[in-house]
Amino acid sequence: MNDRDRILALDRAHVWRPFTSLERHATGDDLVITGAEGAFVIDADGRRYFDATGAWWCQVLGYAHPRLVAALRAQAEVLPHVALAAATHAPAAELAAKLVEVAPKGDRRLSRVFYSDDGSTAVEVALKIAYQHAQQNAPSKGGAKRQRFLAFPGAYHGDTVGAMSVGAVDDFTSVFRPLLFRDRVRGADGTAPRTEAEWETLCARLEAHLATEGDTVCALVVEPLVQGANGMRFFGAALLRRLRDACDRAGVLLIADEVFTGFGRTGTMWACERAGVVPDLLCTAKGLSGGLLPFAATLATDAVYEGFRGGMGRAFLHGHTFTGNPLGCAVALEVLRIFEEERVLEGVARRAEVLRAGFERLSRHAGVSNARGLGMVAAIDLGRGSYLEDDRGWKVHEAAKARGVLLRPLGDVIYAVPPLNVDEGELAWFLDALDASIADVS
Ligand SMILES: *Cc1c(COP(=O)(O)O)cnc(C)c1O
């Protein structure tokens, strides 16, 4: 047995794969990845693939950026881990200060950083903070308790139970519905908007809810400007601004889930910046650690933090074994240094235009619609269909794989989220390969 077959046999015998049917796992002609660099992964046969999915959207600086690898190694030699409660360490303290410095700026200040492990936990932390904050600080007019969340149809905030509770209940999550605190969530049921008019209607509905029942709500949770898992659906900055204002009028906290959109994905450091909005709580993961290791943070304003003053009885009694892990902190610090020193965001505008134009070009193929791009996210629709049954996306996926490109369709949506610093020649090559793959299928 060669090494590829040996690894695949062990995997099939013992690994439980995410988002994969057991039948598919047993028979799929799967890649065995042995290395990665820049925008590419390399398989056991030495074939290189342009990874348009960026390992589930986290490769903001490309795979294995040498400076990130060096920062990880250096930190591992000094202090790989220590519990962050009665002790602290330089990477946690320095990163918190740096995140506060780069956080969205405006009419309030995100000044506190709570660390966790991944996007889902960053969201769980934000939900728990918002809820506890309301319970101990905001008994609203008439004594109604703010025990509800407001959320978006089509939302995705992670796969843990709390995060699922404020997300879309769909093919992936409906079996868990009885476990979710759905009775505490408003707004999230119904069809996700696609057109501008549908987004407008949704925004008006959320505003109306905040105006009439806002005093029962502790927080509105939103993926700012882009619903990622829902198929890279964009909505306008003005709507986010309006929701910020409506939250303020109702005394409701705004939770921005920037797990996907943060770290430059939409062209600015945070999507909220495009709307001139500062949330009360901001969740970041994915790009935060440059795609090297699981790591996350939830940022909070002074006002939210102060709501926990008053001894253990009012403290936020939550944490994870690896909260504030020094390796994650050190890598995230280096990500931020690279953003500064390599002027990563400055380089996005030009690449974003190339990416958007490349997707626009795909519109000439039969069955392709709705080409769109925002920063380093671009997508097209292949036509409506059920996520689990429609296989057009997967046909394009197979054609692209044969050409050395990894796509992973979101139902009928083909998208790309290349590294922000992707080599421009490689980006052009990828767009040509994608075009040819769609031609193969259509
Ligand atoms: C990926 C994602 C999450 C969940 O992050 P994990 O690290 O997979 O737990 C939450 N919110 C958004 C917007 C995401 O894209």
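The structure is a predicted model, in which local features need pLDDT of at least 70 and side-chain atom pairs count only at pLDDT 80 or more, while totals for chains, interfaces and linings use all residues. Residues are numbered from 1 along each chain as its sequence is written, and side-chain values use heavy atoms, with hydrogens and water left out. The chain contains 15 helices and 16 strands; these are DSSP runs numbered from the N terminus, with helices (H or I) of at least four residues and strands (E) of at least two.

**The chain as a whole**

- The radius of gyration, taken over C-alpha atoms, is compared with a globule rule of 2.2 Å times the number of residues to the power 0.38.
- The chain has a radius of gyration of 22 Å, close to the 22 Å that the rule gives for 442 residues, so it is as compact as a globular protein of that length.
- The C-alpha trace spans about 65 × 55 × 45 Å along its principal axes.
- Of the 442 residues, 54% are buried (buried means under 20% relative accessible area, exposed over 50%, and partly exposed in between, with a 1.4 Å probe and protein chains only).
- Among contacts (heavy atoms within 4.5 Å) with a separation of 6 or more, 72% join residues 24 or more positions apart.

- Tyr115 has Ala297 in β12 as its bridge partner.
- Strand β11 (residues 281–284) also pairs with β12 in the antiparallel sense, over four bridges, and here Leu282 is the bridge partner of Leu299.

**A three-stranded open sheet**

- The strands of this sheet follow the order β13-β14-β16, with antiparallel pairing.
- Strands β13 (369–374) and β16 (413–416) stand at the edges with a single partner strand each, so one side of each is left without a neighbour in the sheet.
- Strand β14 (residues 377–381) pairs with β16 over four bridges, and Ala379 stands opposite Tyr415 in β16.

**Two packed helices**

- The axes of α13 (residues 344–361) and α15 (residues 424–441) come within 10 Å and cross at roughly 10°; axes are lines fitted to C-alpha atoms, for helices over the stretch in contact, and angles run from 0 to 180 degrees between N-to-C directions.
- This makes α13 roughly parallel to α15 (under 35 degrees is roughly parallel, over 145 roughly antiparallel, 65 to 115 roughly perpendicular, and the rest oblique).
- The residues that meet include Arg350, Val354 and Phe359 in α13, and Glu424, Leu427 and Asp435 in α15.

**Two loop residues**

- Gly290 lies in the loop between β11 and β12 and counts as buried at 0% relative accessibility.
- Leaving aside neighbours within four places in sequence, the contacts of Gly290 include Cys58, Val60 and Val335.
- Thr321 lies in the loop between α11 (302–306) and α12 (326–341) and counts as exposed at 62% relative accessibility.
- Thr321 and Thr160 are 161 residues apart in sequence, and their C-alpha atoms are 17 Å apart in space.

Terms used
Pairing = 2+ DSSP bridges.
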